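Here is my note on this model. Please read the points in order, with the structure open beside you.

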Amino acid sequence: MNNQSEWIPYHAVQTLGTGPALVLAPHPDDEVFGCAGAILRHVAAGDPVTVIILTDGGGGRDNGPERTAYVAQRRQESRNAAAILGYGEPVFWDVRDRELTSDTPFVQRLCETVITTGARWLY
């Protein structure tokens, strides 16, 4: 039987595994608040990092200029964070906020992305 401490990290690590990393951020900024430290460590190790922002970040706003401007602002904030973290340009899947589903096309797209990026690490 496995010891729980083998599966749950109870301490910070100094190094991560090596190889390509794939980060799935449900909304713009989740990549930063969720795992910026891991992204920085992979970048420092020279690992390729792909960040996918799954939704457009528009929240519950109705269609119109205000929503369009807000989505554009959130997208630019993710680009700015990417420049600071040093991993390149985020990929935007632009699923309307609050409409992300785990249906077959989404799962297929995700599987294809894991294969094409060669991801060894998924955040």
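1. The protein has 3 helices and 4 strands. Helices (H or I, at least four residues) and strands (E, at least two) are DSSP runs, numbered from the N terminus. Starting at the N terminus, the order is β-α-β-α-β-α-β.

2. This is a predicted model: local features need pLDDT of at least 70, side-chain atom pairs count only at pLDDT 80 or more, and totals for chains, interfaces and linings use all residues. Residues are numbered from 1 along each chain as its sequence is written, and side-chain values use heavy atoms, with hydrogens and water left out.

3. Of the 123 residues, 31% are buried, meaning under 20% relative accessible area (1.4 Å probe, protein chains only). Take contacts (heavy atoms within 4.5 Å) between residues at least 6 apart in sequence: 75% of them join residues at least 24 apart.

4. How many aromatic pairs does a search of the whole structure find? It finds 1. Rings of Phe, Tyr and Trp (its six-membered ring) pair if their centres lie within 6.5 Å; planes over 60 degrees apart count as edge-to-face. The ring centres of Trp-93 and Phe-106 are 5.9 Å apart and the planes stand at 80°, so this pair is edge-to-face. Trp-93 lies in strand E3 (residues 91–95) and Phe-106 in helix H3 (residues 104–117), 13 residues apart. Both Trp-93 and Phe-106 are buried.

5. Trp-93 has a charge over its ring too: the charged end of Arg-109 sits 4.0 Å from the ring centre. Arg-75 lies over the face of Phe-92, 4.2 Å from the ring centre. The test is NZ of Lys or CZ of Arg within 6 Å of the ring centre and within 35 degrees of the ring normal.

Technical notes:
Buried < 20%, exposed > 50% of the residue type's maximum accessible area, 1.4 Å probe, protein only. Phe/Tyr/Trp six-rings, centres within 6.5 Å; stacked < 30°, edge-to-face > 60°.
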